[in-house]
Amino acid sequence: AESADLELVTTEAAVGSDLLSHYVFPDCPEGFELTEEGQDDSKRWQLFCDKANNDTLIFITVQKAIDMSYGVDTENVEYIEHLQIQGFDGIITEENNMCNVVYADTLHNTFVQVYCVGLDREVVVDLISEISFVEN
């Protein structure tokens, strides 16, 4: 299978236990409802579903990444682009009405991802661009 990887070199500076809580996720998009959210030791997530169409969803996640690379399967994708998101290297793929955008936040050693079904690429890029890291 073909793949594209985002390499992430970690630093000591960002390995705090409450690191994930510093990320501010976007507000619930209009027409959607928050159906699940959670956090464990390695990741934090939110799932939004379209109130009118259960086939449309948004999954946002931030995952700690210590000495990891993130592999993106590109074998059957219809669209792939490398891009900069908030100054970090990212990749966007589209396949069968699904859009996945992920970037490596090398300042805080995380992968930030927005995975959507049934939404345009521009909407997905806008959503991931709204995610921010806020110091206390």
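Where does Asn-109 lie? Asn-109 sits in the loop between S9 and S10; helices (H or I, at least four residues) and strands (E, at least two) are DSSP runs, numbered from the N terminus. The model is predicted: local features need pLDDT of at least 70, side-chain atom pairs count only at pLDDT 80 or more, and totals for chains, interfaces and linings use all residues. Residues are numbered from 1 along each chain as its sequence is written, and side-chain values use heavy atoms, leaving out hydrogens and water.

**Nonpolar cores**

- A nonpolar core is a set of buried Ala, Val, Leu, Ile, Met, Phe, Trp, Tyr and Cys residues joined through side-chain atoms within 4.5 Å.
- Buried means under 20% relative accessible area, exposed over 50%, partly exposed in between (1.4 Å probe, protein chains only).
- The largest nonpolar core has 23 residues; Ile-58, Val-114, Ile-128 and Ile-131 touch the most other members.
- Elements giving two or more residues to this core include strand S5 (57-64), strand S10 (110-117) and helix H1 (121-130).
- Another core lies apart from it, with seven residues, including Val-72 and Ile-91.

**Contacts of Ile-131**

- Neighbours within four places in sequence aside, Ile-131 is in contact (heavy atoms within 4.5 Å) with residues including Tyr-23, Phe-25, Gln-86 and Val-114.

**Positive phi**

- Most residues other than glycine have a negative phi.
- Gln-86, not a glycine, has a positive phi of about 50°.
- Gln-86 is in the loop between S7 and S8 and is partly exposed, at 42% relative accessible area.
- Asn-109, also not a glycine, has a positive phi of about 60°.
- Asn-109 is buried, at 3% relative accessible area.
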